[in-house]
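This report goes through one protein model, from its overall form to a few of its residues. Please keep the sequence and the structure at hand while reading.

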Amino acid sequence: TPSMTAGINPKNVVGIVTELGGKTSHSAILARALEIPAVVAVSDFLGQVKDGDQVILDGDAGCVFVNPDVSVEKEYSDKRDAFLAEKKELEKYIGQPTVTKDGVTVELVANIGKPKDVEKVLEYDGEGVGLFRTEFLFMDRNSMPTEDEQFEAYKAVAEKMGGKRVIIRTLDIGADKQIDYFGLDKEENPALGYRAVRICLNKREVFKTQLRALCRASAFGRIAIMVPMIISVWEVRTVKEILERIKEELKEEGKEVGDIEFGIMIETPASVIIADELAKEVDFFSIGTNDLTQYTLAIDRQNAKLDMFYNAHHPAILRMIKMVVDAAHKEGIWAGICGELGADTTLTEEFVNMGLDELSVSPGMVLPVRNKVVNM
Ligand code: PEP
Ligand code: MG
């Protein structure tokens with residue numbers, strides 16, 4: 001599960017194989033953030049290995065070899081050396097701007113799930129945090145984190161990132177991220193169910209606690225707030241009203257609140273179609289291609305059997321991204337991608353040409369993407 005993966009100590013785990021899930025399941029995303037090679041959706045893996053077996057795991061190609069012969073072992077030990085050498089080579093881009101040869105700048109930032117992931121963002125020179133998935137603060141515990149606990153977590157990230165922007169996403173639970181103490185009912189179609197902003201607008205106290213913590217932390221760095229799973233202008237306006245009331249409340253209590261940029265995730269087909277209207281309401285768009293692909297192609301991102309059909313390069317997705325960028329620019333706001341597709345270096349050039357202003361990728365992908373941008 002995502003919470004088990006989040007709890008892994010990368011010092012003790014060199015690789016992960018799962019029988020279930022897809023490439024954009026949250027367990028896979030977290031493994032990527034920890035730089036642990038992972039292969040998902042290997043059917044009956046546990047029926048085929050036993051303690052003491054030697055296993056080679058190729059996270060790029062998505063294959064696993066059990067007790068390989070010496071030639072495969074040699075091939076992979078060479079591949080591993082080449083991979084590490086290439087990684088080392090990319091360190092030359094640390095401290096360099098992410099600008100194309102003809103002078104187009106892309107903001108290259110990173111995704112995190114826990115405050116401690118900031119260490120990797122700094123190590124790989126992420127220019128900020130483009131997506132902080134706050135739901136992981138709510139997992140692996142028996143009750144909600146208090147306002148003060150959340151405040152400390154958000155403040156720590158904002159401070160560690162110095163003056164760089166940290167985009168913090170409001171709670172996105174439901175679907176594959178279940179939290180027992182929320183007591184959510186079992187649903188027939190959880191991905192189409194009670195999740196993210198839908199829960200926040202119903203459980204107002206939970207939402208207000210998080211927004212208060214975020215507003216308070218905004219006095220200690222450059223915090224932006226982003227809301228997931230938006231499908232309507234009404235939701236955006238309602239969230240903005242709640243946020244404004246909280247800012248007032250805090251000011252009345254004598255607490256300082258910084259300037260907060262406010263954005264939304266574009267991850268439903270509905271939000272793409274009405275992006276022109278939504279752009280009038282917010283400061284930025286961040287495209288969540290993981291969910292956008294799932295909802296556009298009608299393919300459950302969790303379903304291991306559908307991996308061969310889950311094609312984030314589908315022309316429908318690429319056209320939608322372009323539509324969103326154009327709608328954003330028409331209203332003078334910026335647009336980025338924070339889904340896994342943002343790190344797909346085969347598309348970097350296309351994204352820059354589409355006019356995307358920002359790409360938010362797992363920390364380990366910052367330098368490979370910068371390499372693409374500076375050489376295009
Ligand atoms: C997305 O859907 O692309 C996204 C970034 O959010 P998550 O993967 O957490 O659903
Ligand atoms: Mg999403």
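## Overall form

A compact globule of 376 residues would have a radius of gyration near 21 Å, and the protein has 21 Å, so the two agree. The model is a predicted one. Along the principal axes, the C-alpha atoms fill a box of roughly 70 × 55 × 40 Å. The secondary structure comes to 15 helices and 12 strands.

Of the 376 residues, 51% are buried. The protein exposes about 17,400 Å², and carbon and sulfur atoms supply 52% of that area. Contacts can also be sorted by distance along the sequence. Among those between residues at least 6 apart in sequence, 66% join residues at least 24 apart.

## Charges and salt bridges

Side chains of opposite charge can pair when their charged atoms come close. For salt bridges, the cut-off is a side-chain nitrogen of Lys or Arg within 4 Å of a carboxyl oxygen of Asp or Glu. By this rule the count is 33 salt bridges. The table lists three of them.

| Pair | N to O distance |
|---|---|
| Glu107 and Arg165 | 2.9 Å |
| Lys177 and Glu135 | 2.9 Å |
| Asp326 and Lys322 | 3.0 Å |

Which parts of the chain does the salt bridge between Glu107 and Arg165 bring together? Glu107 is in strand β5 (residues 107-112) and Arg165 is in strand β7 (residues 165-169), so this pair ties together parts that are 58 residues apart in sequence. Glu107 counts as partly exposed because its relative accessibility is 26%. Arg165, at 6% relative accessibility, counts as buried.

The salt bridge between Lys177 and Glu135 has its closest N and O atoms 2.9 Å apart. This pair also links distant parts of the chain, 42 residues apart: Lys177 belongs to the loop between β7 and α7 (197-202), and Glu135 to helix α5 (residues 135-138). Are these two residues buried or exposed? Lys177 has a relative accessibility of 1% and therefore counts as buried. Glu135 has 0% and is likewise counted as buried. Both residues belong to a network of salt bridges that links Glu135, Arg169, Asp172, Lys177, Arg195, Asp291 and Arg301.

Asp326 and Lys322 are four residues apart in helix α13 (residues 315-330), so about one helical turn separates them. Asp326 counts as partly exposed, at 38% relative accessibility. Lys322 counts as partly exposed too, at 34%.

## Two residues with positive phi

Most residues other than glycine have a negative phi. Asp125 is not a glycine, yet its phi is positive, at about 65 degrees. Asp125 sits in the loop between α4 (118-123) and β6 (129-133). With 16% relative accessibility, Asp125 counts as buried, because buried means under 20% relative accessible area.

Asp140 also has a positive phi, of about 60 degrees, although it is not a glycine. Where in the chain is Asp140 found? Asp140 lies in the loop between α5 and α6 (147-160). The relative accessible area of Asp140 is 56%, so this residue is exposed.

Terms used:
Residues are numbered from 1 along each chain as its sequence is written. Chains are lettered from A and ligands numbered from 1 in the order in which they are written. This is a predicted model: local features need pLDDT of at least 70, side-chain atom pairs count only at pLDDT 80 or more; totals for chains, interfaces and linings use all residues. Side-chain values use heavy atoms; hydrogens and water are left out. The radius of gyration is taken over C-alpha atoms; the globule rule is 2.2 Å times the number of residues to the power 0.38. Buried means under 20% relative accessible area, exposed over 50%, partly exposed in between (1.4 Å probe, protein chains only). Contact means heavy atoms within 4.5 Å. Accessible areas come from the Shrake-Rupley method with a 1.4 Å probe; for residues, only the protein chains shown count as cover.
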